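User: Please take a close look at the aromatic pairs and the helix packing around them. I would like one connected account.

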Amino acid sequence: MGITVKDHITWVGKVDWEIRKFHGEEYSTRRGSTYNSYLVRDEKTVLIDTVWKPFAKEFIENLKKEIDLKKIDFIIASHAESDHSGALPELMRLIPDTPIYCTANAVKSLKGHYHQDWDFRTVKTGDRLNIGSQEFIFIEAPMLHWPDSMFSYLTGDNVLFSNDAFGQHYATEHLFNDLVDQAELFQECIKYYANILTPFSALVDRKIKEVVGFGLPVDMICTSHGVIWRDNPLQIVTKYAEWAANYLENQVTIIYDTMWDGTRRMAEAIAGGILQTDPGVTVKLYNAARTDKNDIITEVFKSKAILVGSPTINRGILSAIAGLLEEIRGLGFKDKKAAAFGAYGWSGESVAMITERLREGGFTLVTDGVKELWNPDDQSLVNCVSFGRDFGRLVK
């Protein structure tokens with residue numbers, strides 16, 4: 001069932017209450033998600049994006065209740081990723097001659113996904129599509145977060161269709177930002193930015209400045225996932241600008257895995273030392289093997305500094321820490337400090353290995369780290385407290 005967004009615009013997407021993982025198994029979606037598709041009706045009718053393939057038949061049946069499919073004049077494909085384009089093959093089977101407006105990179109990607117030679121109309125920034133009393137203005141947004149991504153701006157209604165930018169994985173019975181729990185909404189927004197858009201922060205910053213420079217009024221931002229921003233829509237743009245500027249809070253995050261509690265006890269002692277140096281700092285501890293990795297990455301994104309710990313096993317580190325360090329390396333965090341720690345029994349390579357991986361991830365290593373033999377005794381824990389105090393001073 002469609003939901004009216006504005007006089008000319010109807011939401012025709014799908015709320016997915018059940019999904020718990022996205023991008024394969026890479027991203028947790030404990031609050032579900034939505035696949036937002038929009039029908040824009042003027043003298044011409046435009047469909048913006050579709051939904052994920054498992055909901056293709058349902059999407060098309062619901063779309064038929066809104067409009068005779070043959071009356072869809074144009075399709076805008078903002079981004080070829082299958083959560084946006086998954087229903088496109090089923091739809092194009094029914095209306096095969098409908099032009100698809102997208103970027104040149106999206107043509108390559110859509111052909112790569114579906115191996116069909118549809119009627120593609122490539123667009124670039126500044127190109128326009130007249131639909132009667134209004135026009136669409138296209139704005140390329142490469143690497144936000146795929147090379148093919150683009151925004152579409154609808155004149156008259158002053159609506160920015162922003163694709164993945166400004167969205168969040170958040171299933172809700174309410175379509176608009178002013179109708180949902182604000183704490184939940186912004187938790188999902190920062191998680192989405194931290195885990196997906198962090199590597200492209202410089203591009204986010206440039207694109208925001210470019211779009212603002214156009215001087216276009218924005219009354220509403222229609223995203224591809226989650227809520228539509230209608231109440232003070234530019235508040236999320238302001239947040240993105242803040243997050244893109246190498247965002248830091250007064251927080252230190254300690255991440256560890258442990259075999260027989262030695263590294264855990266070190267983590268807790270280090271935390272105590274940091275708080276002795278700076279009682280106002282927020283210190284958070286996470287066992288990487290028992291905590292959602294996307295939640296940890298969100299905390300890393302917020303932090304001015306992190307500590308990562310693992311015991312040595314087979315001359316290496318525990319797999320939960322190894323996997324998380326690989327995720328962190330790929331995200332390319334900036335202006336963050338770090339150090340390593342861990343317990344060991346006989347060889348003790350873990351601290352040096354973690355230190356090197358943190359360096360590869362772009363962190364500034366402020367110490368060589370600390371390691372303690374076997375299960376830390378009282379003196380070892382005193383050493384960890386002292387290490388925490390020193391670390392706290394170095395990052396204060």
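Analyst: The account starts with the ring pairs and then turns to helices.

This is a predicted model, in which local features need pLDDT of at least 70, side-chain atom pairs count only at pLDDT 80 or more, and totals for chains, interfaces and linings use all residues. Residues are numbered from 1 along each chain as its sequence is written, and side-chain values use heavy atoms, with hydrogens and water left out.

The structure holds 21 aromatic pairs. Rings of Phe, Tyr and Trp (its six-membered ring) pair if their centres lie within 6.5 Å; planes under 30 degrees apart count as stacked, over 60 as edge-to-face and the rest as tilted. One of the pairs is Tyr193 with Phe301: centres 5.6 Å apart, planes at 45°, so tilted. Tyr193 belongs to helix α5 (residues 182–197) and Phe301 to helix α9 (residues 293–302), so this pair ties together parts that are 108 residues apart in sequence. Helices (H or I, at least four residues) and strands (E, at least two) are DSSP runs, numbered from the N terminus.

Tyr193 has 0% relative accessibility and counts as buried. Phe301, at 3%, is buried too. Buried means under 20% relative accessible area, exposed over 50%, partly exposed in between (1.4 Å probe, protein chains only).

Trp346 and Trp374 also pair. Their ring centres are 6.2 Å apart and their planes lie at 55°, so this pair is tilted. Trp346 sits in the loop between β20 (337–344) and α11 (350–360), Trp374 in the loop between β22 (370–373) and α12 (378–395), so the pair ties together parts 28 residues apart in sequence. Both Trp346 and Trp374 are exposed.

Back to Tyr193. Ring pairs link Tyr193 and Phe301 into a cluster with Phe151, Phe166, Tyr240, Trp243 and Tyr247.

The axes of α5 and α9 come within 9 Å and cross at roughly 85°. Axes are lines fitted to C-alpha atoms, for helices over the stretch in contact, and angles run from 0 to 180 degrees between N-to-C directions. α5 and α9 are therefore roughly perpendicular; angles under 35 degrees count as roughly parallel, over 145 as roughly antiparallel, 65 to 115 as roughly perpendicular and the rest as oblique. On α5, the contact (heavy atoms within 4.5 Å) is made by Ile190, Lys191, Tyr193, Ala194 and Asn195. On α9, Asn294, Asp295, Ile297, Thr298, Phe301 and Lys302 make the contact.
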